[in-house]
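Here are a few exercises to work through with the model open beside you. Try each task before reading its solution.

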Amino acid sequence: MAASPSPAGGGGAGAAHGSGPSSFAFDSGLEIKTRSVEQTLLPLVSQITTLINHKDNTKKSDKTLQAIQRVGQAVNLAVGRFVKVGEAIANENWDLKEEINIACIEAKQAGETIAALTDVSSLNRPESDGQITIFTDKTGVIKAARLLLSSVTRVLLLADRVVIKQIIRSRNKVLATMERLEKVNSFQEFVQIFSQFGNEMVEFAHLTGDRQNDLKDEKKKAKMAAARSVLEKCTMMLLTASKTCLRHPNCESAHKNKEGVFDRMKVALDKVIEIVTECKPNGESDISSISVFTGIKEFKMNIETLRENLCFQSKETLSAMLEALLERMEDFTDCAYTSHEHRERILELSAQARMELQQLVSVWIQAQSRKTKSIAEELELTILKISHNLNELKKELHSTAAQLAADLLKYHADHVVLKALKLTGVEGNLEGLAEYACKLSEQKERLVETCRLLRHVSGTEPLEITCLHAEETFQVTGQQIISAAETLTLHPSSKIAKENLDVFCEAWESQISDMSTLLREINDVFEGRRGEKYGYLSLPKPMEQAKIAKLGLRLGLLTSDANCEIEKWEDQENEMVLYGRNMSSMAYSLYLFTRGEGPLKTYQDLIHQLEVFAEEGLKLASSVQAFSKQLKDDDKLMLLLEINKFVPLCHQLQTIIKTPLQNQVFLKVDKCITKARSMMAVLVQLLSLCYKLLKKL
């Protein structure tokens, strides 16, 4: 994503994959191989089509004959690889085995037929007389090519069903473990179940990540990205919210906070299944229908059809479309945060649009009865005038939303209210809590309203979905911060309640950062630049980003395992605990970097953090070594064995950091994150073992 699982259940690097022939890693590999062979096959089939369409009188030179034979052999070899993958899928999925095997047999037959008919290298020799080839049996080649395409398509569709079943099974496992986590009553039991949950979430993340990359529909891809983002962030929230509930079982706000996380995760899991199965719940509306920019685009298209067909639309339809469009613009004019100047300008342009439509209708009626050049020119002029008006409206609406968002982001840059809530919490100040909870609620409503306006002017369906996701995130996270702050205020000395509030505040800050990127992308689209990606300043390729994000997810979950172990220690000032906590905090920053978030913005930031991380690891090892001197021989040996695993990893990380890799930034980041992940897996084991040995002493 092989060390043995840690006492906290964190597991080693390979823990998430499972073992045996039906494990996630094996199935995912099959999907990748299938896709790879498909990409090889289809261009070859295209070449066969070219061969079929060649002119009969084309000179059959030895070079031409060799080329034809090479294509036929390449197709047959590719079909052979494809069939092997298909048969492997069939053996793992008994319910589809017969269908897949039949399609594989047909593909194999088609491949062999194509190879035989393109075996033309000896065609210019006398002994080839009477040989059936592509030149004498075009129909045979055409039939074989069609059969090949048909059978390959059937295997791919069946393989797709297998992938969908895997995702559904994985979701069901996650849901079942979540139900157990909801009911757990002891901290030790929670740690064990959460470890299993973490592994299941990693598997689900891998499956859905591959699916997201394969989706051709950008709208579905954006929905999947939003749902997966919720699940990833909520995994961290679920840990601290559940621990807070266990520590304060009679605290109503703690239970409310935890229930909010579970509810949001269940909705996101359902959303993923809805996307992969393409089954929409009854009554779901398409959000594109409520976008002002989409409405303007559709209205302009309908008006412009009048140039070609005066009877294409009715006057009533166009009037109704404009009124519906202007009604949606009330989101801007009714918004309490819209400036007076912007509101007046939007209302002025709206009134002008109504007048110009009336003028258009008047000319339109004349044009239907008088087919003169002057009327046609007047119609064209009125169409241009109303189109210009709509473009001006778009500019004004975009300016309104973008300015509101920019001002709001600037205002929230220092997160004053969040800092105040944390302070009132540790002080146990209930009056202060009420004051700042009210301020956060006001900020939340303003952010939600701004996201709604941004959605209207986003310009593309994927960005509309991202705006909707931001709107929902602010709405939910705002309430959860307040419940987490209330819990801390009621229990001001609780370290876990403080940690929980920190996690929710980080989620809020992260969404503010995402909103800044979203605003830049909306501006780029409006100005004709198709939105650059700003998240990874040193990893420009999307596939690199996706791979690093997968590596980071396991690292993020290991920080949770480490925090669980640290939480057990009664002496929180113990040197081993302090070093362990520092490493866990730094590992969490590394995890955030893999998502394009957090304090590490550039490659150099990352390398510096990794240097400090390795140094902190060596300090921890020295502290653990000093502790080992207090132990009996057997216990000492057991602990030294763990130290001997840990120290080389620290040195290896330092070596990777110092090794120059010109123009291979991704490779170096990949190696560093992988090594840091291995260090965290051993760290979890070390902390657990030290805790047990200390208790024994």
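The model shown is predicted, so please read every value below as computed from it.

**Exercise 1. Which helices each supply at least two residues of the lining of the largest cavity, and which domains does this cavity lie between?**

Solution. 
- Start with the helices: α6 (218-247), α15 (461-490) and α16 each supply at least two lining residues.
- Next, ask who gives the most: that is α6, with five residues.
- Now list the lining itself. It is made up of Ser-229, Val-230, Lys-233, Cys-234, Met-237, Arg-264, His-469, Thr-473, Thr-477, Ala-507 and Gln-511.
- Sort these residues by class, and you get four nonpolar, five polar and two charged ones.
- For the size, the largest cavity holds about 80 Å³ of space.
- Finally, bring in the domains. Domain 2 (186-277) and domain 4 (410-527) both give residues to the lining, so the cavity lies between them.

**Exercise 2. Where does Arg-264 lie, and is it buried or exposed?**

Solution. 
- Find the element: Arg-264 belongs to helix α7 (residues 252-277).
- Check the accessibility: its relative accessible area is 14%. Buried means under 20%, so Arg-264 is buried.
- Look for a partner across the chain. Val-230 is 34 residues away along the chain, and the two C-alpha atoms are separated by 7.7 Å. Both Arg-264 and Val-230 are among the residues that line the largest cavity.
- Stay in helix α7 for another residue, Ser-253. With 5% relative accessibility, Ser-253 counts as buried.
- Ser-253 and Ser-483 are 230 residues apart along the chain, with 5.2 Å between their C-alpha atoms.

**Exercise 3. Classify the ring pair of Phe-293 and Phe-526: what is the angle of the planes, and how far apart are the centres?**

Solution. 
- Begin with the overall count: the structure holds six aromatic pairs.
- Take the distance and the angle for this one. The ring centres are 6.2 Å apart and the planes meet at 35 degrees, so the pair is tilted. The cut-offs behind that step are under 30 degrees for stacked and over 60 for edge-to-face.
- Compare their surroundings. Phe-293 is buried at 8% relative accessible area, whereas Phe-526 is partly exposed at 31%.
- Look for a charge as well: the charged end of Lys-394 sits over the ring of Phe-293, 4.9 Å from its centre.
- Elsewhere, ring pairs join Phe-190, Phe-194 and Phe-197 into a cluster.

Methods. Residues are numbered from 1 along each chain as its sequence is written. This is a predicted model: local features need pLDDT of at least 70, side-chain atom pairs count only at pLDDT 80 or more; totals for chains, interfaces and linings use all residues. Side-chain values use heavy atoms; hydrogens and water are left out. Rings of Phe, Tyr and Trp (its six-membered ring) pair if their centres lie within 6.5 Å; planes under 30 degrees apart count as stacked, over 60 as edge-to-face and the rest as tilted. Buried means under 20% relative accessible area, exposed over 50%, partly exposed in between (1.4 Å probe, protein chains only). A charge sits over a ring if NZ of Lys or CZ of Arg is within 6 Å of the ring centre and within 35 degrees of the ring normal. On a 1 Å grid over the protein atoms alone, a cavity is a set of points where a 1.4 Å probe fits but cannot get out, and a pocket is an open set with protein on both sides within 12 Å along at least five of seven lines; lining residues have an atom within 4 Å of a point. Grid points are joined across faces, edges and corners, and a volume is the space filled by probe spheres set on the points. Helices (H or I, at least four residues) and strands (E, at least two) are DSSP runs, numbered from the N terminus. Ala, Val, Leu, Ile, Met, Phe, Trp, Tyr, Cys and Pro count as nonpolar, Asp, Glu, Lys and Arg as charged, and the others, Gly among them, as polar. Domain bounds come from an automatic or database domain assignment.
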